[in-house]
Amino acid sequence: LAAVAPEPLGPHVTAIRATAVHVSVLAALERGNPDAATDLLDGFDLRCADAPRIIPITWLREARTLLALARDEPKRAYREAQAFRDEVLTTHLDAPSPSWRTAAAETALRLGEQDEARVLAEEQLALAQRWGAASDVGAALRLCARVDAERRLELLAEAVSVLEGAPAQLEHARALVDLGEALRVARRRKDAHDPLRRGADI
């Protein structure tokens, strides 16, 4: 961000700013710091209010949705997720990541809309499988596991398998920890030890 600070707000500079803020917001939320995430988005909005509407700005909707969820504002998160969907579909670039379906499914879960969340998760998995990136498929399997209690262990085991060797190490760690927690809930404490240890080690 500092490197492009003096540059005029053309499409390339705007894309760099939006992408840097997007990644930084996600990192701040991972660290449990929604205030920092808010400051980043507010700063972007202030500096780039007149910037051209380009795809990286649309992708920032993911960060805005997740921030609203982190602040326990599910209705605002729902509005952001719907705006994210509408903007993505307008661009005709419906990629598995960043994903409006994942953002919307997380919001639906928070609002208690289990059926809607399940449909969105299944759509996300189908989309990720068509694109074929292991990181996206593994993340979608984790999402499906959250909305399907009966198949949770099966889906999480598949997610861990798919993410083995994938570049998304954080997503692999999450899948391992989720699997360990699910095994523990199923009273399989000995089986839970290995995935929990491996997830902590990544």
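Biologist: In what order do the elements of the protein run from the N terminus on?

Modeller: This is a predicted model, where local features need pLDDT of at least 70, side-chain atom pairs count only at pLDDT 80 or more, and totals for chains, interfaces and linings use all residues. Residues are numbered from 1 along each chain as its sequence is written, and side-chain values use heavy atoms, without hydrogens and water. Helices (H or I, at least four residues) and strands (E, at least two) are DSSP runs, numbered from the N terminus. The order is α-α-α-α-α-α-α-α-α-α.

Biologist: What is the radius of gyration of the protein?

Modeller: It is taken over C-alpha atoms, and the globule rule is 2.2 Å times the number of residues to the power 0.38. That rule gives 17 Å for 202 residues, and the protein comes close to it, so it is as compact as a globular protein of that length. The value is 18 Å.

Biologist: Is Asp-148 buried or exposed?

Modeller: Buried means under 20% relative accessible area, exposed over 50%, partly exposed in between (1.4 Å probe, protein chains only). Asp-148 has a relative accessible area of 18%. Asp-148 is buried.

Biologist: Which residue forms a salt bridge with Arg-198?

Modeller: A salt bridge puts a side-chain nitrogen of Lys or Arg within 4 Å of a carboxyl oxygen of Asp or Glu. Here the closest N and O atoms are 2.4 Å apart. Arg-198 lies in helix 10 and its partner in the loop between helix 8 and helix 9, so the pair ties together parts 34 residues apart in sequence. The partner is Glu-164.
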